[in-house]
Amino acid sequence: MSDTRVFMGAIGAGLAAIGVAWFIYGQSTQSALAAEDGPGPNLVIEVAGEANGTVVIDLLPDRAPKHVAQITELARTGAYNNVVFHRVIDGFMAQTGDVKYGKLGGDLSLAGSGASDLPDIPAEFSDVPFMRGVVGMARSNKPDSANSQFFIMFAPGEFLNGQYTVVGHVVSGMEVVDKIKKGDPDANGAVVDPDRMVSVKVQE
C-alpha cells in the first residue's frame, strides 16, 4: 500500500473518530438538557416578546430547598408576572426575576439591582454542573445574597460550578429560551425593550 493510501486511510479513521466523539458529546449534552422531569415542583413560564411560548423548569428542592421555597412563594403571589429578561448574553445566559425594578411598564434603568421583600437566601451550592438549560440563582459578590433573580444557561458554564446555586433545569421550551431577545455585549448584556415573563405559575 502506498504512503498516500496509508495517509488517506489515517485521515478517514481520524474523521470517523471525531464524528463518533462529536455524536457522543451531542448525546450527553442532549441528555443533560432533556433530563427527566423530577418530582417538582415545576415553574411554568409564559414568555412574550421576540420569544413567545412556554418554558417549564423542573425545580430541585433536594439540592436547594431554601431557594426553591422562595422562588415558588414569589411565583404563587404573582411577583414574577411581567418581569423582564433584563440581562441576556448570547452564548451564555438569560437573567430575569428582579421583582422590584424589572416590571414591564416601569423605569427599567435599575433592572437587575432589585430584589423582593423576602430575606436573602444562604448559598446552597451543590455538585450539579452548569450545563445548557440549567437554572441558577443570581447574586452579588456575597455568596449569601441570592433573593429573587435567576438565570437560564444557553450553553455550559463550568466556571460557575460551586459558585452559584443551581435551582433547576429546563424540561421543555428550551427553543423559546434560545429566542429571548439578546442584550448589548458592550453593556454587560443589558437589553433595550426586553422580553418578559407574562406569567409564572407553580405546578406541583
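Student: Which residue just after H2 takes a positive phi?
Tutor: Gly78 does, with a phi of about 80 degrees. Please bear in mind that this is a predicted model.

Student: And how many residues does helix H2 itself have?
Tutor: H2 has 12 residues, 65-76. From first C-alpha to last, the helix reaches 16 Å, close to the 16 Å expected at 1.5 Å a residue.

Student: Which residues of H2 are buried?
Tutor: They are His67, Val68, Gln70, Ile71, Thr72, Leu74 and Ala75.

Student: What covers them?
Tutor: The cover includes strands E1, E2 (53-59), E6 (134-137), E8 (166-172) and E9 (196-203).

Student: Let us turn to E1, then. Where does Val44 lie?
Tutor: Val44 lies in E1, which spans residues 42-48.

Student: Why does Val44 count as buried?
Tutor: Because its relative accessibility is 17%, and the cut-off for buried is under 20%.

Student: Which residues does Val44 touch, leaving out those up to four places away in sequence?
Tutor: Val44 touches Thr54, Val55 and Val56, and also Ser199, Val200, Lys201 and Gln203.

Student: A change of topic: what is the average pLDDT?
Tutor: The protein averages 88, and 83% of the residues score at least 70. Over residues 1-34, however, the pLDDT is below 50, and this stretch has 7 contacts in the model beyond near neighbours in sequence.

Student: How should one read coordinates where pLDDT is low?
Tutor: Such predicted coordinates should not be read in detail.

Technical notes: Residues numbered from 1 in each chain as written. Predicted model: local features only at pLDDT ≥ 70, side-chain atom pairs only at ≥ 80, totals over all residues. Heavy atoms only, no water. pLDDT = per-residue confidence, 0-100. Contact = heavy atoms within 4.5 Å. Helix = DSSP H or I, 4+ residues; strand = E, 2+ residues; numbered from the N terminus. Buried < 20%, exposed > 50% of the residue type's maximum accessible area, 1.4 Å probe, protein only. Expected span 1.5 Å × (residues − 1).
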